[in-house]
Amino acid sequence: MSTTTWDPALYLRFDDHRSRPFHDLLARVGAVDPRRVVDLGCGPGHLTALLATRWPDAEVVALDSSAEMVAAARERGITAEQADVVDWVPPPDTDVVVTNAVLQWVPSHRQLLPRWVEALPSGAWFAMQVPGNLGAPSHALIRELAGQEPWRGRIDLRGELAVAEPAEYAELLAGAAADVDVWETTYQQRLTGPDPVLEWISGTALRPVRDALSADEYGAFRSELAPRLRAAYPARPDGTTWFPFRRIFAVARTL
């Protein structure tokens, strides 16, 4: 799992926009009375509470590799544990697994998916959501700038292939003998404020850049990135900016 340092407050700055895919994902999970529900990569725990509300009789387990995120989740009253998803194995009574906006940070997740689903009991549900926009200007411009001096070779960034296309996820999950529902959605997010796309990616895509550079270097990187993002995502006359937010979803039920 990535060792990127996470800032829960910064991540939650666009909470309404970031949370919408979670609700759409959860709506396709048909579990009625699960015993154990696992939030795999719970982040600051703001969405884990929804799992407890939906299934009040279930044991809800929240896991995240980030100490900062686990601390934030615990402050919300969530019983969260620090763990790397790469090492996680579903306990036998796990009836629902939700992993939301996590697996793009896990290079080996294509190998993990069938392993997890095969380990779940019959009738269990597995639900995942990942970004499908790693080839968009918001991410491509970061990689382009990071490949130039003085940052060349210093920043470890995900490439466009860090996530699969929907058809590949369908094949991976279907191969684990599961009923599979896979789809994609592009949300046209309406952002406000100065350099809104830069602020949006500061909580996610720019975290590896922040970890690799000093504070002054990171400030210089952002200063060079900002006009490129403004050109790629121009503001409308009213000052707002449209940001296409493509997401890939998959829900599988074991047979």
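Let's start with the core. The largest nonpolar core holds 42 residues. By nonpolar core I mean a set of buried Ala, Val, Leu, Ile, Met, Phe, Trp, Tyr and Cys residues joined through side-chain atoms within 4.5 Å. Buried is under 20% relative accessible area, exposed is over 50%, and partly exposed is in between, with a 1.4 Å probe and protein chains only. W55, L206, F221 and L225 have the most contacts inside this core.

Which elements give two or more residues to this core? They are α2 (15-26), β4 (94-100), β5, α6 (137-146), β6, α8 (196-202), α10 (215-232) and β7. Those labels are DSSP runs numbered from the N terminus: helices are H or I, at least four residues, and strands are E, at least two. Helix α10 gives the largest share, 5 residues. Apart from this core lies another one, of 29 residues, with L40, V97, W116 and F126 among them. As general background, nonpolar side chains in soluble globular proteins tend to be buried together.

A word on the source. This is a predicted model, where local features need pLDDT of at least 70 and side-chain atom pairs count only at pLDDT 80 or more, while totals for chains, interfaces and linings use all residues. Residues are numbered from 1 along each chain as its sequence is written, and side-chain values use heavy atoms, with hydrogens and water left out.

Back to L206. Not counting residues up to four places away in sequence, L206 touches I142, L198, I201, Y218, F221, R222 and L225. Contact here means heavy atoms within 4.5 Å.

Now the helix pair, α6 and α10. Their axes come within 10 Å and cross at roughly 140°. Axes are lines fitted to C-alpha atoms, for helices over the stretch in contact, with angles from 0 to 180 degrees between N-to-C directions. So α6 is oblique to α10. On this scale, under 35 degrees is roughly parallel, over 145 roughly antiparallel, 65 to 115 roughly perpendicular, and the rest oblique. Who makes the contact? From α6, P137, S138, L141, I142, E144, L145 and A146; from α10, F221, E224, L225, R228, L229 and A232. By class, that is 9 nonpolar, 1 polar and 3 charged residues. For this count Ala, Val, Leu, Ile, Met, Phe, Trp, Tyr, Cys and Pro are nonpolar, Asp, Glu, Lys and Arg are charged, and the others, Gly among them, are polar.

Next, helix α5, residues 109-119. H109, R110, L112, L113, P114, W116 and V117 are buried there. Their cover includes β1 (36-40), β5 (125-131), α7 (166-174), β6 (178-191) and β7 (241-254). Take P114. At 17% relative accessibility, P114 counts as buried. Leaving aside neighbours within four places in sequence, P114 is in contact with L172 and A176. P114 and L172 are 58 residues apart along the chain, and their C-alpha atoms are separated by 6.2 Å.

Last, the backbone. Most residues other than glycine have a negative phi, and most peptide bonds are trans. Where is A101? A101 sits in the loop between β4 and α5, and its phi is positive, near 55°. A101 counts as buried, at 18% relative accessibility. D195, in the loop between β6 and α8, has a positive phi of about 50°. D195 counts as partly exposed, at 23%. Finally, the peptide bond from E149 to P150 is cis, with omega near 10°. P150 is found in the loop between α6 and α7.
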